[in-house]
Amino acid sequence: MSRIGKLPISIPSGVTISQKDNVVTVKGPKGELSQYVDPSVKMTVEDAQVTFVIDENSPVNYKQKQAFHGLYRSLINNMVVGVSQGYSKTLELVGVGYRVSNQGNVVEFSLGYTHPIFIQLPPEVKVETKSERNQNPIITIESCDKQLLGQICAKIRTFRKPEPYKGKGVLFKGEVIRRKSGKTASAK
């Protein structure tokens, strides 16, 4: 059995979990999320706790059942945390002339290309940009969906990946880039 799958999920106050036709729906103050759960894993909700058990009669092989056991427990836990507390990631733009601004959920990046880059974020995502003098521009993204938040941050990073020579690019706040030395002086 999966060690992660065995752990029960405690349901905080204000969060409700319902299951219908192998689709689990979690509602809370920050939003509502739903996730398909494979029939080889049985979910039970009782006493403000959610537990997952492997269905031994399922035709899926045992190793796959174990993998699903831990996977769906983690996904449902992420949903419960997301609708109760929410997730947030902060990105930092390191480079001369790099700028970011937003109008609602439309974010405009100026990353050293000949043109600005616009990205339209989904309505369930909140974005905040901050540009102060003599500091790198910062973009903070918040959502109740951890997977969506990670996809958006990964997409933004692809606009200008961090490079190891000068350390420029779009970085997560506090991320350290392993630097390389440039060309050394050649021998005479």
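The following dialogue explains how several terms are applied to this predicted model.

Biologist: What are the ground rules for this model?

Modeller: The model is predicted, with local features needing pLDDT of at least 70 and side-chain atom pairs counting only at pLDDT 80 or more, while totals for chains, interfaces and linings use all residues. Residues are numbered from 1 along each chain as its sequence is written, and side-chain values use heavy atoms, with hydrogens and water left out.

Biologist: How do you know that the length of helix 3 agrees with its number of residues?

Modeller: Helices are DSSP runs of H or I with at least four residues, strands are runs of E with at least two, and both are numbered from the N terminus. The expected span of a helix is 1.5 Å times one less than its number of residues. Helix 3 (residues 146-159) has 14 residues and should span 20 Å; its end C-alpha atoms are 21 Å apart, which agrees.

Biologist: What makes D145 a cap of helix 3?

Modeller: A polar contact is a pair of N or O atoms within 3.5 Å; within protein, one must be able to donate a hydrogen and the other to accept it, and residues adjacent in sequence count only if both atoms are side-chain atoms. A side-chain oxygen of D145 lies 3.3 Å from the backbone nitrogen of Q147, at the N-terminal end of helix 3.

Biologist: Why is G169 called buried?

Modeller: Buried means under 20% relative accessible area, exposed means over 50%, and partly exposed lies in between (1.4 Å probe, protein chains only). G169 has a relative accessible area of 0%, so G169 is buried. This residue belongs to strand 13.

Biologist: Which residues are in contact with G169, leaving aside its neighbours within four places in sequence?

Modeller: Contact means heavy atoms within 4.5 Å. The residues in contact with G169 are E92, L93, V94, Y98, R160, K161 and P162. Strand 13 (169-172) is also one of the strands against which the buried residues of helix 3 pack. Those buried residues include L148, I152 and F159.

Biologist: Why is the pair of F68 and Y72 called tilted?

Modeller: Rings of Phe, Tyr and Trp (its six-membered ring) pair if their centres lie within 6.5 Å; planes under 30 degrees apart count as stacked, over 60 as edge-to-face and the rest as tilted. By this rule there are two aromatic pairs. The centres of F68 and Y72 are 5.5 Å apart and their planes stand at 40 degrees, so the pair is tilted. F68 and Y72 are four residues apart in helix 2 (residues 62-84), and therefore about one helical turn separates them. Both F68 and Y72 are buried.

Biologist: How do you know that R160 lies over the face of Y113?

Modeller: A charge sits over a ring if NZ of Lys or CZ of Arg is within 6 Å of the ring centre and within 35 degrees of the ring normal. R160 lies over the face of Y113, at 4.3 Å from the ring centre.

Biologist: What makes strand 8 and strand 9 a pair?

Modeller: Two strands pair if DSSP finds at least two bridges between them. Strand 8 (residues 99-103) and strand 9 have five bridges and pair in the antiparallel sense. Q103 has V106 of strand 9 as its bridge partner, and V106 also stands opposite Q120 in strand 10.
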